[in-house]
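Reader: Hello! I am new to this structure; could you walk me through it in plain steps?

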Amino acid sequence: EVCLTAPGPDPHETIVRNSLDADQFLAAYKRFIFRVKVLGLNAADRLSKSAYTKYVIAGFAVLLGCSLGRNVWKKIMRLLITVIGSWYPAYASFKALKDGDQTDFRRWLAYWVCYSAYQALERLLLPLIDLLPSANVARICFLVWLIRLAPLVYVAGVQPWLDRFSPAVDEAAAYVQRQVAVWEHGAAGVQAALA
């Protein structure tokens with residue numbers, strides 16, 4: 001049996017060893033040294049019930065604060081993504097339309113086509129993207145890059161892909177238009193849609 005108390009200034013002198021084998025004594029001694037040196041506690045130190053309750057409440061408050069802080073950070077990042085990816089380009093597109101500048105108009109139209117492709121791809125890959133630790137920062141960096149290089153991205157990546165699939169998309173869109181016309185106007189709608 002081990003008695004671990006440290007009433008005096010030197011805790012090493014107060015360790016008592018009674019009929020223990022060497023492994024048990026060594027394990028008890030290591031625990032005691034950890035409590036004394038690392039935690040700064042004596043064996044006689046005990047938390048009162050009120051102090052323990054205060055520490056538990058403080059721990060929950062810290063966890064709640066971290067949880068709320070994480071949610072606030074996520075909301076700030078989503079707001080930045082919306083401002084950078086949608087609001088600023090929408091305003092710049094408005095200015096290009098208002099001023100009649102064809103270069104800006106073509107640039108922002110290319111941006112919106114690329115942004116739509118990005119949104120569609122992101123929705124498909126969302127479960128994988130959200131596993132990344134800094135996915136929102138990567139989104140912001142990508143959108144800033146896309147704003148600056150949208151015409152290049154459009155010509156090099158999106159346009160060839162759309163050219164490849166545009167006949168199938170046009171056919172599907174025509175089919176949907178015919179079905180909507182039938183639904184809305186019956187047979188007369190079909191004849192009007194085909195004319």
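Author: Gladly, and let us start with a term: a nonpolar core is a set of buried Ala, Val, Leu, Ile, Met, Phe, Trp, Tyr and Cys residues joined through side-chain atoms within 4.5 Å. Buried means under 20% relative accessible area, exposed means over 50%, and partly exposed lies in between, with a 1.4 Å probe and protein chains only. This is a predicted model, in which local features need pLDDT of at least 70 and side-chain atom pairs count only at pLDDT 80 or more, while totals for chains, interfaces and linings use all residues. Residues are numbered from 1 along each chain as its sequence is written, and side-chain values use heavy atoms, leaving out hydrogens and water.

Reader: In what order do the elements of the protein run from the N terminus on?

Author: Helices (H or I, at least four residues) and strands (E, at least two) are DSSP runs, numbered from the N terminus. The protein has four helices and two strands. From the N terminus on, the order is β-β-α-α-α-α.

Reader: Which element gives the most to the largest nonpolar core?

Author: The largest nonpolar core has 17 residues, and Trp-108, Tyr-111, Leu-143 and Leu-146 have the most contacts inside it. Helix H2 (49–99), H3 and H4 are the elements that give two or more residues to this core. With seven residues, the element that gives the most is H4.

Reader: Which residues does Leu-143 touch, not counting those up to four places away in sequence?

Author: Contact means heavy atoms within 4.5 Å. Leu-143 is one of the residues with the most contacts inside the largest core. Leaving out residues up to four places away in sequence, Leu-143 touches Ile-81, Ile-84, Gly-85, Tyr-111, Tyr-115 and Tyr-118.

Reader: Is Arg-139 buried or exposed?

Author: Arg-139 sits in helix H4 (residues 135–194). Not counting residues up to four places away in sequence, Arg-139 touches Arg-78, Ile-81, Tyr-118, Glu-122, Leu-126, Ile-129 and Asp-130. Because its relative accessible area is 6%, Arg-139 is buried.

Reader: And how does Arg-107 count, at 26% relative accessibility?

Author: Arg-107 belongs to helix H3 (residues 102–129). With residues up to four places away in sequence left out, Arg-107 touches Ile-147, Arg-148, Ala-150 and Pro-151. Since the relative accessibility of Arg-107 is 26%, this residue counts as partly exposed.
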